[in-house]
Amino acid sequence: MNIENLSRNKSFGGWHKQYSHRSDTLNCDMRFAIYLPPQAANGNKIPALYWLSGLTCTDENFMQKAAAHQMAAELGVAIVAPDTSPRGDDVADDEAYDLGKGAGFYVNATQAPWNRHYSMYDYVLNELPNLIESVFPVSDKRSIFGHSMGGHGALVLALRNPERYQSVSAFSPISNPVDCPWGKKAFTAYLGDDTDRWADYDASLLMKTATQFVPTLVDQGEADNFLVEQLKPEALEAAAKQSGYPLTLNRHEGYDHSYYFIASFIEEHLRFHAEHLSK
């Protein structure tokens with residue numbers, strides 16, 4: 001595959017690298033970042049953690065703000081961070097921050113004009129890992145995690161594809177998007193008015209009827225401005241209780257929606273995933 005290295009920085013004995021490539025799934029050029037720990041230099045293939053970021057973010061936010069490299073280097077896991085949406089001059093967009101570029105919501109859009117490029121679900125599930133595993137010393141043992149919109153994406157991908165992921169975790173995920181303003185706006189635009197299609201991308205609805213389980217960790221700040229209106233973790237808790245899903249949901253007093261929260265608990269998430277990736 002033809003990919004272009006845009007930058008490289010040594011970090012905790014490993015390398016953080018940024019690449020661009022042509023995406024057939026999204027019909028545009030895409031960018032992603034990868035952290036390869038020191039263990040990747042010895043010829044052995046290492047497991048990978050795929051990180052999905054939230055609204056307005058790119059591949060850079062997590063790598064620069066989450067303070068994850070040191071622990072990833074210790075544990076010997078790669079971290080892959082794609083962009084949050086298709087990009088380019090001919091890619092459909094909206095003036096609002098919560099629709100269009102930077103707001104792909106990790107769905108496969110069915111409605112014009114979004115359906116020409118916005119297939120982030122297929123990109124994260126298939127095209128990106130196929131590229132990563134063919135180019136880098138990375139194995140097909142994968143876990144996935146994310147924040148906010150990305151937490152929603154990570155949960156949905158793991159719930160719908162339990163055979164593909166060893167574990168899943170999320171910080172402040174949009175847990176019940178069919179019943180919150182962010183989700184209703186994005187799903188109406190990308191998927192249309194048929195709410196039956198929406199259910200395919202709602203973690204709470206999927207978890208409620210799940211029969212195959214992926215170990216799941218969620219952390220939520222109690223001082224998050226979006227907690228009540230947008231995130232609705234109580235819906236996820238109720239769904240897990242109904243299906244017996246192995247969900248651990250921790251609430252943290254005083255923490256907000258920012259990367260300060262993520263950096264405070266990233267070690268627990270990385271250790272959680274490393275444990276399951278090693279099985």
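**Close-up views of a predicted model**

View 1. Phe105 is found in the loop between strand 5 and helix 3. The structure shown here is a predicted model. With a relative accessibility of 0%, Phe105 counts as buried. Its phi is near 60°, a positive value in a residue other than glycine. Phe105 is also one of the residues in contact with Asp98, which is the subject of the next view.

**View 2. Asp98 and its polar contact with Lys185.** Asp98 belongs to the loop that runs between strand 5 (78-82) and helix 3 (120-135). Its relative accessibility is 10%, and Asp98 therefore counts as buried, the limit being under 20%. The side chains of Asp98 and Lys185 are joined by a polar contact of 2.7 Å. When neighbours within four places in sequence are left aside, the residues in contact with Asp98 are Leu55, Ala103, Phe105, Trp182 and Lys185.

**View 3. The cis peptide bond between Ala112 and Pro113.** Ala112 lies in the loop between strand 5 and helix 3, and Pro113 has its place in the loop between strand 5 and helix 3 as well. The peptide bond that joins Ala112 and Pro113 is cis, with omega about 0°. Ala112 has a relative accessible area of 64% and is therefore exposed, since exposed means over 50%. In sequence, Ala112 and Asn176 are 64 residues apart; in space, their C-alpha atoms are 24 Å apart.

**View 4. Leu36 in strand 3.** Strand 3 (residues 28-36) contains Leu36. This residue has a relative accessibility of 9% and counts as buried. Beyond residues up to four places away in sequence, Leu36 touches Gly14, Trp15, Ala78, Phe136 and Val138. Asn161 is 125 residues from Leu36 along the chain, and the C-alpha atoms of the two are separated by 25 Å.

**View 5. The largest pocket and its lining.** The volume of the largest pocket is about 210 Å³. Its lining is made up of 14 residues, of which Leu55, Thr56, Cys57, His147 and His257 are the closest to the pocket centre. By type, the lining of the largest pocket divides into six nonpolar residues, seven polar residues and one charged residue. Leu55 is also among the residues in contact with Asp98.

View 6. Helix 9 spans residues 233-243, and its buried residues include Pro233, Ala235, Leu236, Ala239, Ala240 and Ser243. These residues lie on the same side of helix 9 because they cover an arc of only 155° around the axis. An α-helix has 3.6 residues a turn, so residues three or four places apart point the same way. Among the elements that cover the buried residues of helix 9 are helix 4 (149-160), helix 7 (203-208), strand 8 (216-221), helix 8 (227-231) and strand 9 (247-252). The exposed residues Lys241 and Gln242 are carried on the face of helix 9 turned away from its buried side.

View 7. Lys232 is placed in the loop between helix 8 and helix 9. Its phi is near 50°, which is a positive value in a residue other than glycine. Lys232 counts as buried, at 15% relative accessibility. Gly244 follows helix 9 and has a positive phi, near 75°.

Terms used:
Residues are numbered from 1 along each chain as its sequence is written. This is a predicted model: local features need pLDDT of at least 70, side-chain atom pairs count only at pLDDT 80 or more; totals for chains, interfaces and linings use all residues. Side-chain values use heavy atoms; hydrogens and water are left out. Helices (H or I, at least four residues) and strands (E, at least two) are DSSP runs, numbered from the N terminus. Buried means under 20% relative accessible area, exposed over 50%, partly exposed in between (1.4 Å probe, protein chains only). Contact means heavy atoms within 4.5 Å. A polar contact is a pair of N or O atoms within 3.5 Å; within protein, one must be able to donate a hydrogen and the other to accept it, and residues adjacent in sequence count only if both atoms are side-chain atoms. On a 1 Å grid over the protein atoms alone, a cavity is a set of points where a 1.4 Å probe fits but cannot get out, and a pocket is an open set with protein on both sides within 12 Å along at least five of seven lines; lining residues have an atom within 4 Å of a point. Grid points are joined across faces, edges and corners, and a volume is the space filled by probe spheres set on the points. Ala, Val, Leu, Ile, Met, Phe, Trp, Tyr, Cys and Pro count as nonpolar, Asp, Glu, Lys and Arg as charged, and the others, Gly among them, as polar. The arc is that of the directions from the helix axis to the C-beta atoms.
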